[in-house]
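Grab a pencil and open the structure viewer. Try each exercise yourself before you read its solution.

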Amino acid sequence: MRIVISEFISLDGVVQAPGGPDEDRDGGFGHGGWSHPFFDPEVVGGAFTDTLAGAEALLFGRRTWQTMAAAWPGRAGDPFADRMNSLPKYVVSGTLGEDRLTWEHTRLVPAADAMARIAELRATDGGDVVVMGSPTLVRGLLGEGLVDELRLIVMPVLLGGGKTIFPQDGGLRTLELVSVVTGSTGVNVCTYRPVTA
């Protein structure tokens with residue numbers, strides 16, 4: 001399987017709380033919902049539809065999973081929501097128990113051995129395992145070389161600080177730009193793949 005990261009991201013690399021004001025206020029972040037003015041239904045909506053079409057599973061960190069689990073099950077009847085709800089889901093957590101996995105088709109990946117378990121999943125046959133949000137998890141996956149594709153939905157905005165997906169370990173990681181699609185709002189949907197030596 002391939003690990004595919006899909007993120008709304010600002011020009012200065014912030015992925016925190018693109019969806020709403022109360023999504024994630026950690027660190028005093030006050031720009032929640034910053035992606036909305038730049039949403040282009042054709043380009044951004046199309047990018048999500050394409051990403052989800054290739055997904056055979058979804059992978060989340062705990063906080064993103066809880067946000068999604070509170071939102072998507074109640075949207076049944078919408079094709080995008082129905083697809084989200086029907087896919088197998090994995091949540092990495094050291095605090096959630098099996099009894100709290102209220103979103104259908106969710107399996108717990110214990111945080112203590114998450115990278116090893118995800119590497120095992122990646123080694124199995126299948127399509128894409130898509131990760132949305134989950135900056136801490138994505139940093140770990142990038143750091144361990146477990147990401148096969150980055151789909152960055154780059155919004156023309158500077159947020160001045162906030163959570164990022166990029167490791168701060170001094171490691172050099174070269175990526176190949178596979179495609180760019182530009183939307184009417186100035187959004188660039190950029191697809192990157194790691195360059196293998």
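A few ground rules come along. The model is predicted, so to speak of a local feature we ask for pLDDT of at least 70 and side-chain atom pairs count only at pLDDT 80 or more, while totals for chains, interfaces and linings use all residues. Residues are numbered from 1 along each chain as its sequence is written, and side-chain values use heavy atoms, with hydrogens and water left out.

**Exercise 1. Strand β3**

Task: work out how many residues of β3 are buried, and which strands pair with β3.

Solution, step by step:

- Find β3 at residues 89-93. Strands here are DSSP runs of E with at least two residues, helices are runs of H or I with at least four, and both are numbered from the N terminus.
- Check the cover: five of the five residues in β3 are buried. Buried means under 20% relative accessible area, exposed means over 50%, and partly exposed is in between (1.4 Å probe, protein chains only).
- Sort the directions. K89, V91 and S93 point one way, while Y90 and V92 point the other way. In a regular strand the side chains alternate between the two faces of the sheet.
- Look for partners, remembering that two strands pair if DSSP finds at least two bridges between them. Strand β2 (residues 55-61) pairs with β3 in the parallel sense over four bridges, and L59 has Y90 as its bridge partner in β3.
- Now take strand β4 (residues 106-110), which is also parallel to β3, with five bridges. Here V92 stands opposite V109.

**Exercise 2. Helix α4**

Task: find which residues of α4 are buried, and what covers them.

Solution, step by step:

- Go to residues 114-122, where A114, I118 and L121 are buried.
- Look down the axis of α4: the buried residues fall within an arc of 55°, so they line one face of the helix. The arc is that of the directions from the helix axis to the C-beta atoms.
- List the cover, which includes β1 (2-10), β2, β3, β4, β5 (128-132) and α5 (135-143).

**Exercise 3. The largest pocket**

Task: describe the lining of the largest pocket and say which element gives the largest share.

Solution, step by step:

- Start with the volume, about 1200 Å³.
- Count the lining: 45 residues, with E23, T64, M68, M132 and G133 nearest the centre.
- Name the elements that give two or more residues: β1, α1 (43-53), α2 (62-71), α3 (79-86), β3, α4 and α5.
- Pick the top contributor: α2 gives six residues, the largest share.
- For the terms, a pocket is an open set of points on a 1 Å grid over the protein atoms alone where a 1.4 Å probe fits, with protein on both sides within 12 Å along at least five of seven lines, and lining residues have an atom within 4 Å of a point. Grid points are joined across faces, edges and corners, and the volume is the space filled by probe spheres set on the points.

**Exercise 4. Two single residues**

Solution, step by step:

- At 3% relative accessibility, S10 is buried.
- Collect the contacts of S10 (heavy atoms within 4.5 Å). Not counting residues up to four places away in sequence, S10 touches W34, M155, V157 and L159.
- Leaving aside neighbours within four places in sequence, T191 is in contact with E149, L150, R151, E176, L177, V178 and S179.
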